[in-house]
Amino acid sequence: MKFVSEIFGFNTNFEDLNINERKNYLCPFQEKGTPCDPVNKKSNLVDNHGNKLLKHQTGACSCNYKSSGNDLFKPVIICPFRFLEKDQNQETKVFKKIKDFFYKGDEIAFVKEVGLGPYGQADYMIAKFDQKKNIVDFGHCEFQADATTGTRGIVECVKDFYSKKSIKKNYSFGLNTKATIKGFSLQMIDKGYLFQKLKKPSIWVMQDNLIQIFSKIYNLKLNEEKTFNSKSENNIFILEIKLKENKINNKFDLNLGKIFSTNPKKIQNALSNKETIPEKKILEAIKLRYKNRST
């Protein structure tokens, strides 16, 4: 069934509305007391009487969905802040993994939203310091969540949840995974070439299902990396994320998976070498669409 699987950081099987994050509409993954994204998570959708469906942010971190190629429904991350989950020592899990794999023994910091001129903006740049606290090197990091279509279905689900109605049913939303992949793959090539020329790693954080579909639709072979080799021809690295239900804490735990690598040229070649659709099949699709067109 398609429904929102996490609302303000907690599993929707856990229906308590009085916990701090749900009561005050806070993001549990950013700094304490940070509101859930007011720009992207607040809705102006209204009902038949012109009343807002929801007067606060949706708080939707992930949605229960069966992605292409999967047999089961699972929580799919739809908010990039979801990747900021901390461990029991209050360290951001993703940042700790990146430090241990790429910068072991070094002092680093993650600097948010750094402009890269014609290459757009980096979610994070990784600053490396020397003993005198001077920045002497850097790397690049992007968070990539999936995106939904039919936002109304998400909003209706959260409204039902706050109205204490059952949400275990199919809501009218989908995942815009192919558009998400088209968008980030071009960024990956563009920024990948930039950091390849600069001889710096470009690290992308995304969920396992998104990596799987990305690799499949472009027939792109990703190399699994056990250690970091700064001299490798591959400078694009993908950190795999998995969500696993934690019934004790009424949450889904963010687990760190494998690290894969590729480079901008390999992605570009995969894009240009996608399987050709036969002319006959395209003609049939046009004829069918023409026959069923609105008059």
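Author: Strand β3 pairs with strand β4 (residues 74-77) through 4 bridges, and the two run antiparallel. Strands here are DSSP runs of E with at least two residues, helices are runs of H or I with at least four, and both are numbered from the N terminus. Two strands count as paired if DSSP finds at least two bridges between them. Within this pairing, Cys-63 stands opposite Val-76 of β4.

The model is a predicted one, in which local features need pLDDT of at least 70 and side-chain atom pairs count only at pLDDT 80 or more, while totals for chains, interfaces and linings use all residues. Residues are numbered from 1 along each chain as its sequence is written, and side-chain values use heavy atoms, with hydrogens and water left out.

We may now turn to the spaces. On a 1 Å grid over the protein atoms alone, a cavity is a set of points where a 1.4 Å probe fits but cannot get out; a pocket is an open set with protein on both sides within 12 Å along at least five of seven lines, and lining residues have an atom within 4 Å of a point. Grid points are joined across faces, edges and corners, and a volume is the space filled by probe spheres set on the points.

The count comes to 1 cavity of 30 Å³ or more, and the largest cavity holds about 80 Å³. Its lining has 14 residues, with Cys-27, Cys-36, Lys-41, Cys-61 and Cys-79 nearest the centre.

The largest pocket has a volume of about 380 Å³. Of the 21 residues that line this pocket, Ile-78, Pro-80, Asp-146, Ala-147 and Thr-148 lie nearest its centre. At least two lining residues come from each of β7 (135-144), α3 (151-162) and α4 (177-197), and α4 gives the largest share, 4 residues.
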